[in-house]
Amino acid sequence: MNRFDPAVAELIKGRKYLVVSHVSPEGDAVGSLLGMTLALRSLGYEATAYLEDPVPDVFKFLPGADTVVHSLDGAGPFDATFAVDCGQKERLGKGFVNLKNPGRIINIDHHATNDAFGDVNVIVPDASAAGELVYDFCVAAGVKIDRGIAVNLYVAIHTDTGSFRYSSSTPSAFEKAGALVRLGADPWEISRRVYENYPAKKYKLLGMVLSTLEVAEVGSGSAVASVAIINVTREMFRRAGAEKDLADGFVNYARAIEGVSVGVLLREAGDFEYKVSLRAKGDIDVAEVAQVFGGGGHRNAAGFMTKGSLEEVKAKVIEALKGTLSKA
Ligand SMILES: [Mn+2]
């Protein structure tokens, strides 16, 4: 018995499938979405790839990216929907939540905070990326992994492991990445397109964001942590002429500071509304902090949306971090 058998069994029942992933998609969302879509197509099924939000520019080179749809009006009925890299149904976006006929939902994910919203749930928190799970699905389903699938799954694993720097970089992540390189994924070509291909306006925006840096000591006694906070406003995006996804990854600059345990990026999403990204190094579980605010993620990387002024949101985050520290 393979943990993917129930997911593979869904393929016997139908011919028309939907593949979906989360809003604000990053490399693992897009890569695992497209890897799964191409895998289903290679087996002769009809597969529609849906993302509520646009494919970020850096991932537009991924094989199949030009076939992603952003509306499900009039789509379906589907025999089943494969949701990848997504912990909550709502995070798949309104277009999907409102879809009348998605069929059975096969939830394939690696977020420990996944609420098992599927009819079939394959949740593997040990996996470095949902891309690893799509790889396992391909093996279980007898998919011949071609270059297109390999490039997508390599990008999924490469981006979610922080280019194989994070603790999620398990032997299995390296082994699958190695297999994917053998199957046609070219590491330097992919790195060039993903990491050495930024528009100049991203750096203009980064300059403004880094100038907001504050480092604060949080907690007391033995439970003290250094927290680095940066923020990005709608005005900064406007001045840089940048789209919102150009701030993706900025939070890592905060975490990378010497002595800092948690990096925080506050992104102004609307009037008195912030998207908060948390990145930890060390023992603090930031998924726990995100859950206090109804968000989710991983131990080292989590996020949530919240209301309030910039100062109020900062204070709330620091308070929640204190709460987590005192329990650690
Ligand atoms: Mn992921």
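How many salt bridges does a search of the whole structure find? I get 17 salt bridges, counting a side-chain nitrogen of Lys or Arg within 4 Å of a carboxyl oxygen of Asp or Glu.

**Ground rules.** I am working on a predicted model, where local features need pLDDT of at least 70, side-chain atom pairs count only at pLDDT 80 or more, and totals for chains, interfaces and linings use all residues. Residues are numbered from 1 along each chain as its sequence is written, and side-chain values use heavy atoms, with hydrogens and water left out.

**Salt bridges.** I looked up Glu10 and Arg104 and found their side chains in a salt bridge, 2.9 Å from N to O. Glu10 sits in helix H1 (residues 5-13) and Arg104 in strand E4, so this pair ties together parts that are 94 residues apart in sequence. Helices (H or I, at least four residues) and strands (E, at least two) are DSSP runs, numbered from the N terminus. Glu10 is buried at 3% relative accessible area, while Arg104 is partly exposed at 35%. For these words I use under 20% relative accessible area for buried, over 50% for exposed, and partly exposed in between (1.4 Å probe, protein chains only).

Next I checked Asp136 and Lys176, whose side chains meet in a salt bridge at 3.0 Å, N to O. Asp136 belongs to helix H4 (residues 130-141) and Lys176 to helix H6 (residues 171-182), so the pair ties together parts 40 residues apart in sequence. Lys176 is buried, with a relative accessible area of 10%.

Asp285 and Arg299 also form a salt bridge, with the closest N and O atoms 3.8 Å apart. Salt bridges that share partners join Glu10, Lys13 and Arg104 into one network.

**Cysteines.** I searched the whole structure for disulfides (cysteine sulfur pairs within 2.5 Å) and found zero. Cys86 is buried at 1% relative accessible area, and Cys138 is buried at 0%.

**Backbone.** Most residues other than glycine have a negative phi, and most peptide bonds are trans. I noted a cis peptide bond joining Gly76 and Pro77, with omega about 0°. Pro77 lies in the loop between strand E2 (46-50) and strand E3 (80-84).

Ser24 has a positive phi, near 50°. I place Ser24 in the loop between strand E1 (16-20) and helix H2 (27-42). Ala116 has a positive phi near 55°, and its loop runs between strand E4 (104-109) and strand E5 (120-123). Ala116 is partly exposed at 38% relative accessibility.
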